[in-house]
Amino acid sequence: MTEYWVSQGNKWCDFCKIYIANNPLSIRTHEIGKRHKDNVTKRLANMQKEGAAKDKEQQQAARALQQIEAKAKKSYQKDLENSQRNVDGDTSAAPGDGWDFDSTSGYYYDKSTRLYYDSNSGFYYSDALGKWVTQEEAYEWAKTSQTAAGQSSTSQTKPAPAVATAPTIEGGKAPGVVITKPLNPMRTVKGAPSAIAVNKRKREDSKPKVISKEEEAALKAREAARKRMEDREKPLMGLYRSY
C-alpha cells in the first residue's frame, strides 16, 4: 500500500505571538524556553492587576451606592419631618414672621415680598426672578421691586386742580360796563336801551311787502288766537304781560 506525505502545519503561541512547528518535540522545546516562560509570567501578572483593578472599581461603586442610599434616606426622613411639622402648624422651619406654608407648592410663601422659601435647601424663589437664589439676592430684589412700585404709584397720582381766584382791584372802578339794574326777566316794564347797543340803520329804499288775502286772513286768525290765549292765562298767572 502506498503512503502519502502530509504536512503537519504550524502552531500559534498566544503568549509569544509566534508560529512554531506543530510537533511534540518543537512544542516542548518552545514551552521550556526562557522567552515563553517570561511571557507567561507577564500575562499572569497583567491578569492579576486587571482583576484587582476590577475588584477595586466594584468596591468603589458599591460604596458610592451605599452613600447615595444613605443620603436619600436621610433626605426622605427630613422631608417627612417637615411635612409633619407643616401639618401640625409648626412654623419653626420658616425664615421669619409673615411666612405661611403653601400646601400646593410645598414651600413657604411671603405675601409682602412675593417670595417662596425652601426649608430643605435654604434658597428663595420668585416668579419675577424665575430661578432659585440666596437670601441676600432675594431680599435685595424684593427691596428694589418695592421701591420701584412706590415710585410708580407716586408718579401716577394726579395733583389737585388749582382753584382760580378772581382778581381783586384795589381802588378805582372795575373795567368794563357796570350794570346797575338787576337782570330780572319778569320785570313789568321794558328796560332802557343799552348805551353800547349798536344802532342799526334802516334801509330807506325798502318797499312795503305785498300781502295776499290768504296771508292777511292767517295773520288775523293768529292774532285772535294769541289774544284768546292771553285772556285765558291772565287770571292764572297775574304777571303775564305782552310787549
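The legends below describe close-up views of a predicted model.

**View 1. The whole chain and its secondary structure.**
The chain has 243 residues, of which 11% count as buried. Its secondary structure comes to four helices and seven strands. Along the sequence these elements follow the pattern β-β-α-α-β-β-β-β-β-α-α. Among contacts in the chain with a separation of 6 or more, 22% link residues 24 or more positions apart. The accessible surface of the chain is about 21900 Å², and carbon and sulfur atoms account for 55% of that surface.

**View 2. The five-stranded sheet.**
An open sheet is built from five strands in the order S3-S4-S5-S6-S7, with antiparallel pairing. Strands S3 (99–102) and S7 (132–133) are at the edges; each has a single partner strand, so one side of each lacks a neighbour in the sheet.

**View 3. The pairing of S6 with S7.**
Strand S6, residues 124–125, pairs with S7 in the antiparallel sense, and the pairing runs over two bridges. Tyrosine 125 has tryptophan 132 of S7 as its bridge partner.

**View 4. Serine 126 in the loop between S6 and S7.**
The loop that lies between S6 and S7 contains serine 126. Is serine 126 buried or exposed? The relative accessible area of serine 126 is 2%, and the cut-off for a buried residue is under 20%, so serine 126 counts as buried. Leaving aside neighbours within four places in sequence, the contacts of serine 126 are Arg114, Leu115, Lys131 and Trp141.

In soluble globular proteins, nonpolar side chains tend to be buried together.

**View 5. The surroundings of valine 133.**
Which residues does valine 133 touch, not counting residues up to four places away in sequence? They are Phe123, Tyr124 and Ala138.

Key
Residues numbered from 1 in each chain as written. Predicted model: local features only at pLDDT ≥ 70, side-chain atom pairs only at ≥ 80, totals over all residues. Heavy atoms only, no water. Contact = heavy atoms within 4.5 Å. Buried < 20%, exposed > 50% of the residue type's maximum accessible area, 1.4 Å probe, protein only. Areas by Shrake-Rupley, 256 points an atom, 1.4 Å probe, with all protein chains shown as cover. Pairing = 2+ DSSP bridges.
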